[in-house]
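This report describes selected local features of one protein model. The sequence and structure are shown first, followed by the description.

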Amino acid sequence: MAGERPETIVEEREEVMVPITADANPIQRTAYFIKPTLEFIKQPSLFRPPPLSSPFTDFKLVEWPLKLVFTGWIDPPKKWKIWVEQMHSSYQSIWKKSGIYEAIMSSTYRTRRNYDLFLSLAERWCPSTNSFVFPWGEATITMEDIMVLGGFCVTGEPVSKPLETTDLVNIEEQLEKSLELGTKVSRHQGWMKQFMGEGSEFEHMAFLSLWLSRYVFGQKLQNTIGGDLFSVAIHLAHGTRLALGPAVLASIYRDLSLLKGTIMDSLELLMNGRDDEFFSLTLQAPLRLVQVWAWERFPGLRPVPNAMNYGEPRIARWHGSKMLVIEDVRMVLDSAQDTFQWRPYTTSTRNWPFPKFYPEKEEWMVIYPHSHQELQSFAQCLRVCELVGIDCLELYLPHRVAMQFGIDQDLPCTVTRFLKNPETAWSNYSKLIWNAKLYVPARLFEADVTTRYLAWWKQSAGNPQADFTGIVRRPRSSRRRRRSPWGSTIKIEVAADDDAEVPPGFPPKHKMTNPKTSESYLSSSIGKKEGNDADVPPGFEPKSKLTQCLEKIMQNEGVPGDAGNDNGTVKYTSCSDVYSTPEMNENEAQQRSYRAVEIPGLELELRIGRLERVIADMKAERLSAYSTSIRK
């Protein structure tokens, strides 16, 4: 294959770019985009806007007539942790060879379920694009998240790989006979009692069968062993590297789409007043990864993370974390434009080493089959494809959420599924990445969007974008932009008469910006005033609380409130909500077009940021004028 022109996974071209999180002058620079793009395929007809999911704000989350059973999200019992420790000493080298070491160790950590957060995310799920659609942009859980948070590998053999020798088939038959011993053995506790402590290779395969059935691919019947997973367990026990990552992500996409459809059905029940009926749904995927994904990316929703010990998996940060009491999770999600963490894993976390695909400086790399496993995996994360699961097939569209990889975002073209054939899908997914040219962004780089993407998105969301002016030509910078922990000054606009501009399928503007929901969306505890807190206006937190908040922000932590609850929850005040917006009645709302909440110290930081941009623009203009004079 020598002399072949390298395949490019990322396209490079000059574009006019603008940050998605702030109002700033567009900049013309060299940008990078995940293929396929509209520029690449030259077929604009393939492009279509994503449907914006309704936030269902007329109904509270607790009112949904839903009964959810999570068979893939079960807390680890003490006995399971003991079994992992016993197996660890003998089989850790095989686990690392199979690419499941971190995933097995992650199963020993507990993740408390936050129903309000999980259901609020599900409301915003779009099954046609497999992404969450927020008023400010599009995001999703990707294969990068599956690798970092779940510890699953995204390269290797398919999970459907058959057993190819008579010996392996005989082992599978022995495991199947174990299920025939009775219902007690087929359940998790009985299975552990039957095989734990045998000290044989067969015990290891039984151990992996339980791990797969309980923490990777949950079963339809809770706490049961999946016989269809025996072949997977046998391959892993013999050191075969299986691509569990795409199969896990496919199951997550499948269950989120099932849940979104059930929520829509529940909405019909509520609207028709059929309160005596409800829907029951069993979710089999390891959906705790979705909740942890949200904790990593939404600072206003996350509990205080744990300190990590060296060698622990990333999910240890959230082990047993107490849930936040949040008054309006939907509002936090929909107003997170300035605080959403597009690349949470690139920030320094003590005792957590960065993968090789987070370099300090941007690089162009040529990927071969013998390249480092982490670089091959990152390249796989950027490829549009179909994910082959145990019993499902789902589209994977990273080009719609390129900013999550540190890559610029352009208008995403629509990818059409052709045959819906697992064999063909796996053949396309597993194509060798040979002589492929891959762009890897700098670790701290924050990507931008094209001006046409931003205009399209705001038009799709019912907020037309004005024409861009003052375009400046600048080189690409690898530095992270300075961002306030609170974002910009909060403006809550009240619009009652211009809802005719909102496209079909989108919520009215007055519902998205209703001043009645503009109070602090996190519960806060009000203490006594101390020292110089006497001059704090009524309805605002004391200055001492703000000082504590700033200290916590510097440490990348939250601000705990009342930690003395017995129900496993903790009242929590987000640093973005130390100052709450006073409630307005309807008359006040009509008299005022908007209300701005000013945060002390933020205005100064915003002015500094604006001044830095002005200085940079002046330098660029001066350099341009100087270059012109030289050419003359």
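## Salt bridges

Asp448 is buried, with a relative accessible area of 8%; buried means under 20% relative accessible area, exposed over 50%, and partly exposed in between (1.4 Å probe, protein chains only). This is a predicted model, in which local features need pLDDT of at least 70 and side-chain atom pairs count only at pLDDT 80 or more, while totals for chains, interfaces and linings use all residues. Residues are numbered from 1 along each chain as its sequence is written, and side-chain values use heavy atoms, with hydrogens and water left out.

Asp448 forms a salt bridge with Arg29, the closest N and O atoms being 3.1 Å apart; a salt bridge is a side-chain nitrogen of Lys or Arg within 4 Å of a carboxyl oxygen of Asp or Glu. The pair links distant parts of the chain, 419 residues apart: Asp448 is in the loop between β13 (436-440) and β14 (449-450), and Arg29 is in strand β3 (residues 27-34). Helices (H or I, at least four residues) and strands (E, at least two) are DSSP runs, numbered from the N terminus. Arg29 also counts as buried, at 4% relative accessibility.

The structure holds 19 salt bridges. In another of them, the side chains of Lys161 and Glu164 meet at 3.3 Å, N to O. Lys161 is buried, with a relative accessible area of 16%, whereas Glu164 is exposed at 61%. Glu15 is buried at 14% relative accessible area, and Arg13 is buried at 12%.

## Surroundings of Asp145

Asp145 is located in helix α5 (residues 143-150) and is buried, with a relative accessible area of 1%. Its side chain makes a polar contact with the side chain of Tyr345 at 2.6 Å. A polar contact is a pair of N or O atoms within 3.5 Å; within protein, one must be able to donate a hydrogen and the other to accept it, and residues adjacent in sequence count only if both atoms are side-chain atoms. A polar atom of the Asp145 side chain also lies 2.8 Å from the backbone nitrogen of Thr142.

Not counting residues up to four places away in sequence, Asp145 touches Thr140, Gly150, Trp293, Arg297, Tyr345 and Gln404, where contact means heavy atoms within 4.5 Å.

## Strand pairing

An open sheet of three strands has the order β1-β13-β10, with mixed pairing; two strands pair if DSSP finds at least two bridges between them. β1 (7-8) and β10 (363-367) stand at the edges, each with a single partner strand, so one side of each has no neighbour in the sheet. Strands β10 and β13 run antiparallel and are joined by five bridges, with Glu363 standing opposite Val440 in β13. Helix α14 (residues 373-381) lies across β10 and β13, running at about 90° to β13. Axes are lines fitted to C-alpha atoms, for helices over the stretch in contact, and angles run from 0 to 180 degrees between N-to-C directions.

Strand β4 (residues 66-70) runs parallel to β8 (residues 279-283), and five bridges join the two. Val69 stands opposite Thr282 in β8. The covered face of β4 carries Leu66, Leu68 and Phe70, and the uncovered face carries Lys67 and Val69. In a regular strand, side chains alternate between the two faces of the sheet.
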